[in-house]
Amino acid sequence: MLQCLSTAGLVKGKTIGIDATTLEANAALRSIVRRDSGESYEEFLTKLAKASGIGTPTRADLARIDRKRKKKGSNDDWTHPHDPDAKITKMKDGRTHLAHKAEHAIDLDTGAIVGVTVQGADEGDTTTIQKTLPEAAEQLEAVAAVTDDAVAVIEEVVADKGYHSRTTVHDLETLEIRTYISEPDRGPQSWTNQAAERDAVYANRRRIRGHRGQRLLRRRGELLERPCAHLYETGGLRRAHVRGHENVLKRLFVHAGAFNLGLWMRKLFGVGTPRSLQGRVVALCPMIATLWALIDAVITAVWSPLRSQAIRPSLVRISRRRIGAVTIRTCTTGC
């Protein structure tokens, strides 16, 4: 799909925006088990209740014991027996679920998706970018090798404040990649023995405050939020119906390919979906019929007077009929 976009001039590869979202896994929290012993959650709480002196604990006792525990949803202690890749995390709406993390790289010049990865939902943005950015670079290199088009090397990375850290900014600066990453308000910071990291963070801060940085951050909000709406909300992928990172990634590839196909269709036909193309064809038929009727009316208005003047003597026949002493002149139409 990227090869087709490249031939249409929809892959530039110079400025890349990265964003991530969580997908609810096809697994229930009530089915998680301990990593060490394989006990279910209820069995583990029952053992804790009996150890605390409750002989026959009720559900209310188990709920009270569970409410007081700290770090009760740690991914180091719990896993799902049928989907080990699903991790316990907090979703966008505040609920706690087993989930996967989908991260995608967008070409900010055209809006095309150039890289997609699925990783653990408990991993931070500064960790997952280390896999997504090389994946996008590999895809761009593969497209350039096949199409022989001038696909630029990644020079700029735009992201939100979740991706900001002194290590991430410094690593990208070392790779000669300019960063436009929103910086959270962390207050005064110590830069002891971190002069290189300090310079990279200050350079990023200077860029995001400039006119180009502000424009790129606004474009990031437009082009990175749109795939989330199309792929996950409208596309129905907010909750995964398959298990395992490999299967979720396959499903996500299909959705990302359809999104890129929409860009290509808008470039070729002016519409972005097969349904809208079908509607365009249906709307085109009445337009053609109306246009033909207008042309016919114009021709009739221009041609009718000339035609009537030429054939009127042959059509109008004046007859004389004598009714009594009165002579009446009538035409063949009776008028």
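How do the residues of the lining of the largest cavity divide into nonpolar, polar and charged?

1. The cavity. Please keep in mind that this is a predicted model. The lining of the largest cavity divides into five nonpolar residues, one polar and one charged. The residues concerned are L23, L237, A240, H241, V242, V248 and R251. The volume of this cavity is about 30 Å³, and the count of cavities of 30 Å³ or more comes to one.

2. Helix α8. Have a look at residues 225-234, where P227, C228, L231 and Y232 are the buried residues of α8. These four lie on the same side of the helix, because the arc they cover around the axis is only 100 degrees. As a reminder, an α-helix has 3.6 residues a turn, so residues three or four places apart point the same way. After α8 comes G236, with a positive phi near 70 degrees.

3. N260 in α9. This asparagine sits in helix α9. N260 counts as buried, because its relative accessibility is 3%, under the 20% cut-off. Beyond its neighbours within four places in sequence, N260 has contacts with M1, L2, L5, A112 and I113.

4. R239 and E24. Across the whole structure there are twelve salt bridges. One of them joins R239 to E24, with the closest N and O atoms 3.7 Å apart. R239 belongs to the loop between α8 and α9 and E24 to strand β1, so this pair ties together parts 215 residues apart in sequence. R239 is partly exposed at 32% relative accessibility, whereas E24 is buried at 16%. R95 also belongs here: E24, R95 and R239 are linked in a network of salt bridges.

5. R178 and E156. The closest N and O atoms of this salt bridge are 2.5 Å apart. The pair links distant parts of the chain, with R178 in strand β8 (residues 178-181) and E156 in strand β7 (residues 156-159), 22 residues apart. E156 is buried, with a relative accessibility of 1%, while R178 is partly exposed at 32%.

6. E39 and K47. A salt bridge also joins these two side chains, at 3.4 Å from N to O.

Technical notes: Residues numbered from 1 in each chain as written. Predicted model: local features only at pLDDT ≥ 70, side-chain atom pairs only at ≥ 80, totals over all residues. Heavy atoms only, no water. 1 Å grid on protein atoms, 1.4 Å probe; cavity = no way out; pocket = protein on both sides within 12 Å on 5 of 7 lines; lining within 4 Å. Points joined across faces, edges and corners; volume = space filled by probe spheres on them. Nonpolar A, V, L, I, M, F, W, Y, C, P; charged D, E, K, R; others polar. Buried < 20%, exposed > 50% of the residue type's maximum accessible area, 1.4 Å probe, protein only. Helix = DSSP H or I, 4+ residues; strand = E, 2+ residues; numbered from the N terminus. Arc of directions from axis to C-beta. Contact = heavy atoms within 4.5 Å. Salt bridge = Lys/Arg side-chain N within 4 Å of Asp/Glu carboxyl O.
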